[in-house]
Amino acid sequence: MEAASGRAGRGEAAGDGGPRPGGRQWRRGGGGGSMRAAAGDVVGILILCLVSAGAALDFKYHHSEELEQYLRGVHAANPSLTHLHSIGRSVEGRDLWVLVLGRFPTHHMIGIPEFKYVANMHGDETVGRELLLHLIDFLVTSYGRDPVITRLLNNTRVHIMPTMNPDGFEATKVPDCYYTRGRYNRNGEDLNRNFPDAFENNSASIQPETRAVMDWIKNETFVLSANLHGGALVASYTFDNGNPVTGSLEGYSRSPDDDVFIHLAKTYSSNHASMYKGTGCDNRQTFPGGITNGYSWYQLEGGMQDYNYVWGQCFEITLELSCCKYPPADQLEKFWRDNKVALIEYIKQVHLGVKGQVTGKNGNPIPNAIVEVKGRPHVCPYRTNEQGEYFLLLLPGTYVINATVPGFKSMLKTVEIPDNTGNFSALRQDFSFPEVSDKIRSRVASCPKTPLYQELTRASAAVKPTVHILVLMTVILVIFK
Ligand SMILES: [Zn+2]
């Protein structure tokens, strides 16, 4: 595997460095007045301030303790709208915090899609980390006041992880536009090369941070997400890796959902203050429309976005949000202004397409039923969750949805998908298999652990059939093996 030092960023950084200004962590949003209290009461009073006045967040870098303190404060001030939990620990033992926002923050509700933002996976790429704190601040202060945000959070469960690599962040002592060792985790591993890869065997040993995210993806029904980086200005979409079957010989690794990914990337870039111009950073590469196929930019193995799409049933894009990886804190307010609308508009896209439930006898949900769109099969087929639910992101149009309960006949339904993102709900289309009993639970079509597209390459070398037939063959193998 080519080390990250050779292609250290998604684009190397440029720009000016600078000092890191200090600053208070909290700023009251209104209703000032002096407070006198013993030191032990300070936290409580800060929380009270949040409740009563809707405290705003300062534009500065929040180190681990401050970040945790902020998240705890938000949760304490918004206990019914938020849920705070750690999905694991870094190598140095720091919690990997996730704040969940929504009308039902503690658990999945049938029909409500799960969305996630992850930032600071490369510890020295810091803008996303602070943007997500400001996004949290904006969401909790707008809920109940702004009708759009209120509807968004009533109909979406939003998971926010401000840092996936807290050790790398703490190891990066001062703002630096260029690549530093803080990119890696404490074991020196690049977390965005650390996931199982669909195209080749990844020999890197899976790190605690990576394992925590993989388990998290397994335990939630994520539908859409984005991974926030720095060092360039572009929205990059899957695949990052490729082979001749996905078109890599033409310099573009195309997924069956390429149209949806282009739309998702464009949604971000076109709502960003300048990304859509595609001018890139300094004299480096330009990106038409501010978007790129990951492989077209440069090929990488073990990335998180391909993992999400192939194994997690979650469409993820990679957002490069700053030419300078770790800019001075006095630029953070402008970064927030430039990204705020895009961050919100992107979340709404989780309501694209179609969703529904697959049920059997007595209306019981059927987990692990395969629900795919005709003409765009996933090599690892998308399956229903424990509640028999499926979510498929699709652009408006006419599609045939194929629901398959292994061992039974498939059920096909033609659906006309409108643009539903403004309604905060995908089209609903349920499937009922009255002849299927509850015993179907034991007949699970499992998703193999080996690199799926690697198998396609071998088959391609042997018989050279069309891509379409290859994908179908693999689906059949996966289902019936
Ligand atoms: Zn990065």
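**View 1. Helix α9 is mostly covered in this predicted model.** Eight of the eight residues of helix α9 (residues 304–311) are buried, where buried denotes under 20% relative accessible area, exposed over 50% and partly exposed in between, for a 1.4 Å probe and protein chains only. The buried residues are M304, Q305, D306, Y307, N308, Y309, V310 and W311. Just after α9, Q313 adopts a positive phi of about 55°. Helices (H or I, at least four residues) and strands (E, at least two) are DSSP runs numbered from the N terminus. The model is predicted, so that local features need pLDDT of at least 70 and side-chain atom pairs count only at pLDDT 80 or more, whereas totals for chains, interfaces and linings use all residues. Residues are numbered from 1 along each chain as its sequence is written, and side-chain values use heavy atoms, with hydrogens and water left out.

**View 2. Aromatic pairs.** Rings of Phe, Tyr and Trp (its six-membered ring) pair if their centres lie within 6.5 Å; planes under 30 degrees apart count as stacked, over 60 as edge-to-face and the rest as tilted. By this rule the count is 23 aromatic pairs. The pair of F199 and F239 is edge-to-face, because the ring centres are 5.1 Å apart and the planes lie at 85°. This pair links distant parts of the chain, 40 residues apart: F199 belongs to the loop between α5 (166–171) and α6 (208–219), and F239 to the loop between β8 (232–237) and α7 (258–271). Both F199 and F239 are buried. F261 and Y309 also form an edge-to-face pair, at 5.2 Å centre to centre and with 80° between the planes. F261 lies in helix α7 and Y309 in helix α9, so the pair ties together parts that are 48 residues apart in sequence. F261 and Y309 are both buried. Ring pairs join F199, F239, F261, Y309, F315 and Y382 into a cluster.

**View 3. Charged side chains over aromatic rings.** A charge sits over a ring if NZ of Lys or CZ of Arg is within 6 Å of the ring centre and within 35 degrees of the ring normal. The charged end of K116 sits over the ring of F222, 5.1 Å from the ring centre. For R129, the charged end sits over the ring of F169, 3.7 Å from its centre.

**View 4. The crossing of helices α3 and α4.** The axes of helix α3 (residues 127–142) and helix α4 (residues 147–155) come within 9 Å and cross at roughly 100°. The two helices are therefore roughly perpendicular to each other, a term for angles of 65 to 115 degrees, with under 35 counted as roughly parallel, over 145 as roughly antiparallel and the rest as oblique. F138, L139 and S142 of α3 make the contact with I149, T150 and L153 of α4; contact means heavy atoms within 4.5 Å. The contact residues divide into four nonpolar, two polar and no charged.

View 5. T210 is found in helix α6 and is buried, with a relative accessible area of 0%. Not counting residues up to four places away in sequence, T210 touches M164, L191, N194 and F195. K374 is placed in the loop between β12 (370–373) and β13 (389–392) and is exposed, with a relative accessible area of 56%. K374 and Y399 are 25 residues apart in sequence and 7.2 Å apart in space, C-alpha to C-alpha.

Key:
Axes are lines fitted to C-alpha atoms, for helices over the stretch in contact, and angles run from 0 to 180 degrees between N-to-C directions. Ala, Val, Leu, Ile, Met, Phe, Trp, Tyr, Cys and Pro count as nonpolar, Asp, Glu, Lys and Arg as charged, and the others, Gly among them, as polar.
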